[in-house]
Amino acid sequence: MILITNPQRARLLAHGAAGADIDHFPVVKLFNPTGAATWLLSELDADGDTLFGLCDLGFGFPELGSVSLAELASVKGPLGLGIERDLHFQARFPLSVYAEAARICGHVSEAERLLRQAADALSKPHSELPPDTAEQQRR
């Protein structure tokens with residue numbers, strides 16, 4: 001199976017060239033059909049191999065990071081099955097929302113309710129430090 005189509009490659013490259021401070025929508029979802037690994041990818045470096053996105057190897061700790069397209073293409077699991085592309089994946093939120101949802105539940109999810117909850121959580125301003133409850137109790 002072709003992991004990334006030419007139109008997807010063009011979008012991934014455009015996202016990669018746009019800069020790191022943009023929260024892109026994922027372009028492609030790859031997965032291991034015989035395991036729990038899933039990748040939601042939003043950017044491709046100019047080298048044509050280094051992808052960036054939400055990487056979930058199925059151990060309960062998904063994270064944003066980079067992965068090699070060549071390495072993904074070389075994976076062969078049971079019965080010789082390799083990594084596959086989800087032909088029906090359509091991103092509905094930016095990558096940060098999928099990452100927050102994955103942080104909450106421990107794996108990449110497309111559950112609408114969870115994604116909306118993550119989007120709401122990200123839209124609310126947060127202070128960097130929690131309020132000093134001891135100071136509040138003294139008042």
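Analyst: Helices (H or I, at least four residues) and strands (E, at least two) are DSSP runs, numbered from the N terminus. This is a predicted model, so local features need pLDDT of at least 70 and side-chain atom pairs count only at pLDDT 80 or more, while totals for chains, interfaces and linings use all residues. Residues are numbered from 1 along each chain as its sequence is written, and side-chain values use heavy atoms, without hydrogens and water.

User: In what order do the elements of the chain run from the N terminus on?

Analyst: The chain holds five helices and five strands. Written from the N terminus, their order is α-β-β-β-β-α-β-α-α-α.

User: Which residue in E4 is the bridge partner of Thr50?

Analyst: Strand E3 covers residues 50-56 and pairs with E4 in the antiparallel sense. Six bridges join E3 and E4. In E4, Thr50 has as its bridge partner Ser68.

User: Are H3 and H4 roughly parallel or roughly perpendicular to each other?

Analyst: Helix H3 (residues 95-105) packs on helix H4 (residues 112-123) at about 110 degrees, with the axes 8 Å apart. Under 35 degrees is roughly parallel, over 145 roughly antiparallel, 65 to 115 roughly perpendicular, and the rest oblique. H3 and H4 are therefore roughly perpendicular.

User: How many residues of the contact of H3 with H4 are nonpolar?

Analyst: Contact means heavy atoms within 4.5 Å. Ser96, Val97, Tyr98, Glu100, Ala101, Ile104 and Cys105 in H3 meet Leu114, Leu115, Gln117, Ala118, Ala119 and Leu122 in H4. Ala, Val, Leu, Ile, Met, Phe, Trp, Tyr, Cys and Pro count as nonpolar, Asp, Glu, Lys and Arg as charged, and the others, Gly among them, as polar. Two residues of this contact are polar and one is charged, and the nonpolar ones number 10.

User: Does Glu100 count as buried or exposed?

Analyst: Glu100 sits in helix H3. Leaving aside neighbours within four places in sequence, Glu100 is in contact with Ala118 and Leu122. Buried means under 20% relative accessible area, exposed over 50%, and partly exposed in between (1.4 Å probe, protein chains only). Glu100 has 14% relative accessibility and so counts as buried.

User: What separates the C-alpha atoms of Arg11 and Glu43?

Analyst: Arg11 is in helix H1 and is partly exposed, at 42% relative accessible area. Beyond its neighbours within four places in sequence, Arg11 is in contact with Pro26 and Val27. Arg11 and Glu43 are 32 residues apart along the chain, and their C-alpha atoms are separated by 7.8 Å.

User: How many disulfides does a search of the whole structure find?

Analyst: Cys55 counts as buried at 11% relative accessibility, and Cys105 as partly exposed at 30%. A disulfide is a pair of cysteine sulfur atoms within 2.5 Å. Across the whole structure, the number of disulfides found is zero.

Note on methods:
Axes fitted to C-alpha atoms, helices over the stretch in contact; angles between N-to-C directions. Pairing = 2+ DSSP bridges.
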